[in-house]
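Subject: Structure handover and findings

Dear colleague,

Please find below the structure that I am handing over to you. My findings follow it.

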Amino acid sequence: MAVNEKSKDYLKNFELYLKIEKNFSTHTIKAYCADVLVFLIWASDKDVKEIDAKKFGEYLYFIQQMNYSKTTIARKIASIRAFYGFLYNREIIDFNPTDTTKGPKLPKTLPDFLTTEEIETILTNVKIQSPAGYRNRVIFELLWVSGMRISELSGLNYENLNLEQNEIRVFGKGAKERIVLIPDKTKELLKNYIENVSDLICKTNKLPDSPLFINNHGYRLQNQSIRKALKQVVDSIELNKHVTPHVFRHSFATRLIENGADLRVVQELLGHANISNTQIYTHVSMQRLKSVYEAAHPRA
């Protein structure tokens with residue numbers, strides 16, 4: 001089925017908007033645009049400006065017949081909402097047909113996290129004898145101590161570092177800038193990587209806008225390479241948990257809350273726009289507290 005030509009152009013502009021203005025990860029952009037493209041194919045030759053709330057409701061009924069999970073349907077709705085929100089803000093459309101649509105109610109799930117001992121086991125089992133192994137150790141250490149997203153870490157340039165103050169400037173979702181902090185031990189590991197190790201991976205000019213973490217061709221290390229390196233370490237120690245870079249972020253936040261950090265401070269360090277996103281970690285900590293109590297107390 002053909003896609004309306006104007007709608008194709010709108011989708012291209014939407015993709016640029018997600019990349020440049022929203023600073024979304026490549027993975028997220030692909031998912032959003034794929035969802036919108038399926039919607040446009042369904043709409044066939046109709047211009048997006050011709051889609052009203054009734055027609056959008058027909059599309060929702062259509063995808064509900066496809067046996068998608070509630071999570072997938074919710075994501076598809078969110079993608080199309082973002083697309084129409086973009087069109088409305090650009091004054092391409094006069095009304096947003098998705099405004100009154102509610103997605104399926106999703107069960108609240110607590111994020112996975114690692115104990116401090118599990119993270120230390122992962123870090124100590126990274127083979128740092130090779131330059132790439134040392135680089136990976138620094139990356140995992142940074143994820144653990146700073147709570148950075150993987151896209152924020154891979155996007156670091158030399159100009160983002162202020163090691164004298166133990167600070168790193170990162171750009172999160174929506175190109176929102178924030179400062180993350182690192183301890184002295186991590187700072188020394190990072191300095192050693194910059195001064196002695198990175199040139200062993202590939203000799204490059206360390207200009208302000210040069211990527212901090214590189215592959216053996218001197219190009220920016222991609223998210224997928226970091227995920228793959230982490231999986232290799234986790235597999236080697238046979239840790240019976242699904243571990244991703246984002247689990248390090250969850251673990252960082254959980255540990256701060258457990259140790260009495262103010263919720264607003266944790267929100268700032270994580271770069272959450274809404275504190276409700278941060279509050280989930282109080283539930284994680286309470287759940288852990290209960291499990292420790294039930295295991296340790298004779299009357300539990």
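This is a predicted model: local features need pLDDT of at least 70, side-chain atom pairs count only at pLDDT 80 or more; totals for chains, interfaces and linings use all residues.

The chain holds twelve helices and three strands. Its C-alpha trace spans about 65 × 60 × 35 Å along the principal axes. Of the 300 residues in the chain, 44% are buried. Among contacts with a separation of 6 or more, 61% are between residues 24 or more positions apart.

The sheet

The three strands form an open sheet in the order β1-β2-β3, with antiparallel pairing. Because β1 and β3 stand at the edges and each has a single partner strand, one side of each is left without a neighbour in the sheet. As a general point, strands of a sheet pair through backbone hydrogen bonds, either parallel or antiparallel.

β1 is joined to β2 by two bridges, and Asn162 stands opposite Glu167 in β2. Strand β2, residues 167-171, pairs with β3 over five bridges, again in the antiparallel sense. β2 and β3 make a hairpin with five residues between them, and Gly174 in the turn has a positive phi of about 70°.

In a regular strand the side chains alternate between the two faces of the sheet. In β3, residues 177-181, the covered face carries Arg178 and Val180, while Glu177, Ile179 and Leu181 belong to the uncovered face.

Helix α10

After α10 comes Gly260, with a positive phi near 90°.

Two residues with positive phi

Most residues other than glycine have a negative phi. Asn166 has a positive phi of about 55° although it is not a glycine, and its place is in the loop between β1 and β2. Glu238 also has a positive phi of about 55° without being a glycine; this residue lies in the loop between α9 and α10.

Are these two positions buried or exposed? The cut-offs are under 20% relative accessible area for buried and over 50% for exposed. Asn166 has 12% relative accessibility and therefore counts as buried. Glu238 has 70% and therefore counts as exposed.

The second largest pocket

This pocket has a volume of about 310 Å³. Its lining consists of 16 residues, of which Gly133, Asn136, Ala229, Gln232 and Val233 lie nearest the centre. Which helix supplies the largest share of the lining? That helix is α9, with six residues. Both α6, residues 131-146, and α9 supply at least two residues each. By class, the lining has five nonpolar, eight polar and three charged residues.

Yours sincerely

Key
Residues are numbered from 1 along each chain as its sequence is written. Side-chain values use heavy atoms; hydrogens and water are left out. Buried means under 20% relative accessible area, exposed over 50%, partly exposed in between (1.4 Å probe, protein chains only). Helices (H or I, at least four residues) and strands (E, at least two) are DSSP runs, numbered from the N terminus. Two strands pair if DSSP finds at least two bridges between them. On a 1 Å grid over the protein atoms alone, a cavity is a set of points where a 1.4 Å probe fits but cannot get out, and a pocket is an open set with protein on both sides within 12 Å along at least five of seven lines; lining residues have an atom within 4 Å of a point. Grid points are joined across faces, edges and corners, and a volume is the space filled by probe spheres set on the points. Ala, Val, Leu, Ile, Met, Phe, Trp, Tyr, Cys and Pro count as nonpolar, Asp, Glu, Lys and Arg as charged, and the others, Gly among them, as polar. Contact means heavy atoms within 4.5 Å.
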